[in-house]
Amino acid sequence: MSQEYQPQALEQTLQNEWAESNRFAVYPDDTREKFYCLAMFPYPSGKLHMGHVRNYTIADVIARYQRMLGKNVLQPMGWDAFGLPAENAAIQNRVPPAEWTLNNIADMRQQLARLGFAYDWDRELATCTPEYYRWEQWFFTRLMKKGLAYKKEADVNWCETDQTVLANEQVVDGKCWRCDNPVERKAINQWFIKITDYAQELLDDLDTLTDWPEQVRTMQRNWIGRSEGATVRFPFGDTPIEVYTTRPDTLMGATYLALAPQHPLVVTAAAENPELDAFCQTISASTVAEADMATMEKLGMDTGLRARHPLTDEPLPIWVANFVLMGYGSGAVMSVPAHDQRDWEFASKYALPIVQVVSDTPETPADLSTGAYLQRGPLMQSAHFDGLDFDAAFDAIVDELESKGLGCRSVNFRLRDWGVSRQRYWGAPIPVINCASCGAVPVPDEQLPVILPTDVAFQGVGSPIKDMPTFYETTCPSCNAPAIRETDTFDTFMESSWYYARYASANNGEAMLDQEANHWLEVDQYVGGIEHAILHLLYARFFHKLMRDAGLVSSDEPFKRLLTQGMVLKDGAKMSKSRGNTVDPQALIDRYGADTVRLFSMFAAPPEQSLEWSDSGVEGAHRFIKRLWRLVHEFEDATEIPPAPQWSDAQKLLRRKTHETISKVTDDYGRRQTFNTAVAAIMELCNELSRHPSQDLLDRAAVSEGLHAVLRMLWPITPHLSEYLWRTFTGDDFAESAWPSVDETALNRDAFEIVVQVNGKVRGKIEVPAAADNAEIEALAKANANVQRFLQGTTIKKVIVIPQKLVNIVAQ
């Protein structure tokens, strides 16, 4: 074996072998436990970055470890290939998005292969191919027929820069999540899917996801936002104004109603009031992001309309306000300025009444000069409800509303239906034909897929298919009259909401999913960034339940265990081109080899924490690999161990270290998923192995046993190095289904070092035979010279012995 480590040639040789033998292709096998390991698939930007490397290395380590446990492991890879970046690149470079995307896929596939990931490439998919989105279109037509997909005009988040609608989750601090430009409000016809029909189930099933980070589950709970309250009807002409409130106990403090500018009552009033109409037009153009409502300036105008209070029958002014969203609830809010900060700010600005109805005690009203009183407490100024606490007031007031037919108990969710229409080109066409007579008609199965034209030319940022009569002119499937094909495309989160299932049936051209999907699902291990906690992960959970209810899958959830890896930082900031702090993975691979890059990615930080880039850390990982290379080279494998060997004390210590390391690394890889501590333990073992003499057969046997364990334990992280060294060290092919087992007898100790305390402070350490009883341990502790020094002139009151750990002598 060459003493010089040459990773490029070594790694390329093994990668070629793996590819030629289709080493990591898998098929259902009921004789073995299955394990489906998946990392979130990438957008094909054309070049891997260090975040990709870390994400996919984590997943590959888990997949390879599970293979070594003898499981039938599926780890596929594909491409989240639709989206705005391809359009932007097409406009800038005058290249069709399809060509740009497919070229990038080819480049990135090669980069992933160079990192040695154990992918089943036979299942590769790209969401931009008709073979993929055909089934998405087919499924959408089923949702239409079940009433779960519908079209309506709605206020939406509109990005003028990208000329498209954004989901609420895609608006970050009032700006587009992609281009970072301001988002405005706009009324437009949109397709929606009824995720709200599944809100309670999505919430309840979070409790079953015990192997997900609690942070992610909390974020989803908050986004779904279940609350228990009351629907209150404020009389107004023939049609009461309905509002939802979680604080019916404050109803007697309501002093005005606030309505969204799109509320039907406001629209009617504005038609006869030019000033009101102009105001509504102005605030309608502002952001619809809920997060912005708390911080933006509160603006409003009195409509001149008056409702009646449902309990007192007093008139209440109706205002139009910019902080009320038509898409949330009924588009109307019961305003209680004494007990809601937003309402207080609005009332203070426009000199509206502020009536306190809750306080710590009725005799001590709160100071409302600087803000609302938000705590719960006994009622005051609430007629016969005075003195009731929150729960009693809630029940009593709702009971009275119900008796009057003006209210009822209700449950509300913050979650809104998923708007899936996008006005951009590079996406899956929505399979709908709009007929003047028949309305929106789903495209028949035999006409699917509706293929997106790929030979297009861009004129500005709009979608070119809107100007292609050959695409949108068609006939109605129901009546054969001339009709118009939908030119909007799906939100790209549609494609990423079910791709994990398609991998399991990737080669079936006759069905969206088949029985193989049920064999592999649910995904046993999913790996991706915390930034996907709400967007992708919530949509995928929802889509999975839709597929379950359509009989396509049998499980309730898509992902059993979730690992959210941290970002890769450099100079304290996230790597990005704009900051000039990126590191090219390919340059590192060319210099150090893929195994060094993989090892550094796993060793530098726990997977869920941010990784701070360090050039010296990469150098350190490379040095360790070269040390291991030399260590294996310097030892002759000793596979013949005599029966009942008489190990020396030094050999026993080394074997104990080997098997303690196996035990720890097994736990770190499997239960804890702390790969950095696993690497640290392996490095410690290598240090011990390098220091141990090799004078006789049993010395060599102890070292060889340790090296065998090291090469096996490192295979998930440095597969090229481990596999090559295994062959050269043992002369055998690497058995990837043979994770090293712990020899419990090697863990046995003849003696233990125990700490001795006097009155809780460490005063000595003693060597205690493993077979010693408490009395013997106590005697050894008292006999320790330093302990005796601290016991002089005292009386021992009590001795506490914790076997194999410590002795505490209590003395006065």
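Mentor: The order is 20-19-22-21, and the pairing is antiparallel. The sheet is open. A word on the source: this is a predicted model, where local features need pLDDT of at least 70, side-chain atom pairs count only at pLDDT 80 or more, and totals for chains, interfaces and linings use all residues. Residues are numbered from 1 along each chain as its sequence is written, and side-chain values use heavy atoms, without hydrogens and water.

Now the terms. Strands (E, at least two residues) and helices (H or I, at least four) are DSSP runs, numbered from the N terminus. Two strands pair if DSSP finds at least two bridges between them. Strands of a sheet pair through backbone hydrogen bonds, either parallel or antiparallel.

Angles run from 0 to 180 degrees between N-to-C directions, and axes are lines fitted to C-alpha atoms, for helices over the stretch in contact.

Next, strand 21. Three bridges join strand 21 to strand 22 (residues 482-485), and the two run antiparallel. Here threonine 475 stands opposite proline 482 in strand 22.

Last, a helix. Helix 5 (residues 130-145) lies across strand 19 (432-435) and strand 20. Contact means heavy atoms within 4.5 Å. Helix 5 runs at about 130° to strand 20.
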